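Dear colleague,

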Amino acid sequence: MTKAFGSTFTRHMGVSGYRDGQWSPVEMRSLGELHLHPAAHVLHYGSSCFEGLKAYRREDGGVHIFRLDKHIERMQNSARLLCLPVPDRELLDEIICRLVHACRDDVPPAPGALYLRPVLSGVDPNIGSASRPASEALLYVIASPVGDYFGNSQTPLRLLVEDRMRTTPEFGQVKTGGNYAAALRRVVDAKQNFQADQVLFCPDGDVQETGAANFLLLQDGAILTKPLDGSILPGVTRDSLLRLAGSLGYRIEERNFGIDDMLEWIAGGEAALSGTAAVLAGVGALYHDAEEHHVGNGKVGAHTSRLRSLLTGIQTGSEADDFGWLRKL
Ligand SMILES: Cc1ncc(COP(=O)(O)O)c(C=O)c1O
């Protein structure tokens, strides 16, 4: 039986620690347990952020990391907003690239990839520091060979439209565990009670994103999505798809829109979720106010399939990397 996405790991991990204002040199270690004091800041006050990015293997055997710089920038922004020590660009670059080097043989061929998970946590032992930033931190990176997140890219998703916010207006942009914890009850209930794959969070009717992906509306010649205002995660896949689609002549509309606008759009258009794990996954139905709304004909749409295939083509080398998004190792 194939194991669930993200539950197999390579044998190595990259590690660096922050203490007395300095990061220790990056070390490659065997994957193993972490030793944390039970009073570690992260275990009590949630001082932790992470990233999710992928390395791809090409047919010629070469290995490339997709948009490393953009993920590094986002991790630095998350660290800043969580008052964690901010690792500099060079440190994050080194720890990620050295791990991919060490695990090179474990990068699966397309459509699989090596999913990379850098994590930064506050670790000093002090349960009295709820209102003080962590002064010591641990940075590590682990890697997981993965296949296709939703199993089959042709199976359209069913979303529950919820009139609630995933997290807070400022913290949506931070990739931190607390945001996922805050949304989990909604996601679990949506799966159990409505057989939904994901929740689409729409506080006061403002269409935002799902628990683990950005949300895009597509139609002939146009794409509509919420702008980056701090309340949603600035998805690297979202950015890549918008740039790619813009270069193909699609009109890119980044503006706020409501549930009614969305329902009007999906009558003849497409909806999709974008993310490193999902790539671009078609949505077939939206469940809102006890009513099921089909997206187009309920199947994965032509624009969704086209953009997904172009983006995965760039990632895996069958399409030209015109934007300079790949880092060759
Ligand atoms: C809440 C949320 N929004 C959007 C995304 C998509 O981001 P990216 O395309 O960088 O993977 C993710 C993916 O991790 C996410 O968790």
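Which residues lie nearest the centre of the second largest pocket? They are Arg 29, His 35, Leu 36, Val 123 and Leu 138, out of 19 lining residues.

As to conventions, this is a predicted model, in which local features need pLDDT of at least 70 and side-chain atom pairs count only at pLDDT 80 or more, while totals for chains, interfaces and linings use all residues. Residues are numbered from 1 along each chain as its sequence is written, and side-chain values use heavy atoms, with hydrogens and water left out.

**Second largest pocket**

The volume of this pocket is about 400 Å³. A pocket is an open set of points, on a 1 Å grid over the protein atoms alone, with protein on both sides within 12 Å along at least five of seven lines; a cavity is a set where a 1.4 Å probe fits but cannot get out, and lining residues have an atom within 4 Å of a point. Points are joined across faces, edges and corners, and a volume is the space filled by probe spheres set on them. At least two lining residues come from each of β1 (12-19), β3 (27-30) and β8 (137-146), with β1 giving the largest share, 5 residues. Strands (E, at least two residues) and helices (H or I, at least four) are DSSP runs numbered from the N terminus.

**Ligand site**

The ligand is surrounded by 17 residues (a heavy atom within 4 Å), the closest being Lys 175, Tyr 180, Glu 209, Thr 237 and Thr 276. For Thr 276, a side-chain N or O atom is 2.7 Å from a ligand oxygen atom. Of the 390 Å² of accessible area that the ligand has on its own, the protein covers 95% (Shrake-Rupley method, 1.4 Å probe). Two or more residues of the shell come from each of β11 (209-210), α5 (236-247) and β15 (270-275).

Note on methods: Polar contact = N/O pair within 3.5 Å; in protein donor to acceptor, adjacent residues only side chain to side chain.
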